[in-house]
Amino acid sequence: RPGRLSQNPEGQRCAHKQNQNHCDCPFGSKHGITLQKILWQSLLTDSTIKTSLIQLNKILDQQANTDMLTGLANRRHFMALGEQELSRTIRYGGELSLLMLDIDYFKNVNDMHGHHVGDLVLQKLGDVCRETLRDIDTVGRIGGEEFAVLLPQTSNEQASEAAERLRAVISSSETLPEQGLP
């Protein structure tokens, strides 16, 4: 019947040689796959591969730009974002401030309590910065215990207020050693 898949001598179906008893397609007479199936598998595979590649690229991008321990921007990414903010400020006007943070006596924390506690301190500082600062502010881990904060559209006076607010929250924060990384 027209529109029906025919079978080759081995009983395998072939979509493009309808109503004939054999198949001479490039896949050979024993392929047993209809062209429709090939197209669907190809589309699904291409779609799946594209989706997987997009997801993998997002993960790689995040890993390349994020400090693994704190979840903040790493030095390279922070510097790139800083250049963008500076260009934006120059182009459109406004103010841009930068805060630099360094944890006092951090080496002593690692020496006395171990690196797992030091890791907790760094993570806690990242959490406090995220909770205390605005969404438009960018926090980055620049080095071991050194951090920087970009404050777009922020005057020197406003930056001083933000720095003092951040210092007060950090001073009152506690870190529980039992949560440290091994």
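**Helix packing and a pocket**

Author: Helices (H or I, at least four residues) and strands (E, at least two) are DSSP runs, numbered from the N terminus. This is a predicted model: local features need pLDDT of at least 70, side-chain atom pairs count only at pLDDT 80 or more, and totals for chains, interfaces and linings use all residues. Residues are numbered from 1 along each chain as its sequence is written, and side-chain values use heavy atoms, without hydrogens and water.

Reader: At what angle do the axes of H3 and H4 cross?

Author: Axes are lines fitted to C-alpha atoms, for helices over the stretch in contact; angles run from 0 to 180 degrees between N-to-C directions. Here the axes of H3 (residues 106-113) and H4 cross at roughly 140° and come within 6 Å.

Reader: Which residues of H3 and H4 meet?

Author: Contact means heavy atoms within 4.5 Å. From H3 come Phe-106, Val-109, Asn-110 and His-113; from H4, His-115, His-116, Val-117, Gly-118, Val-121 and Leu-122. They divide into five nonpolar, five polar and no charged. Ala, Val, Leu, Ile, Met, Phe, Trp, Tyr, Cys and Pro count as nonpolar, Asp, Glu, Lys and Arg as charged, and the others, Gly among them, as polar.

Reader: How do H4 and H5 pack?

Author: H4 (residues 115-132) and H5 (residues 156-171) pack at about 135°, their axes 10 Å apart. That makes H4 oblique to H5. Leu-125, Val-128, Cys-129 and Thr-132 of H4 touch Arg-165, Leu-166, Val-169 and Ile-170 of H5. This contact has six nonpolar residues, one polar and one charged.

Reader: What is the volume of the largest pocket?

Author: Rolling a probe the size of a water molecule over the atoms shows where empty space is left. On a 1 Å grid over the protein atoms alone, a pocket is an open set of points where a 1.4 Å probe fits, with protein on both sides within 12 Å along at least five of seven lines; lining residues have an atom within 4 Å of a point. Grid points are joined across faces, edges and corners, and a volume is the space filled by probe spheres set on the points. The largest pocket has about 400 Å³. Of its 14 lining residues, Ile-103, Val-121, Leu-125, Ile-170 and Ser-173 are closest to its centre.

Reader: Which element gives the most to the lining?

Author: H4, with five residues.

How values were computed:
Parallel < 35°, antiparallel > 145°, perpendicular 65-115°, else oblique.
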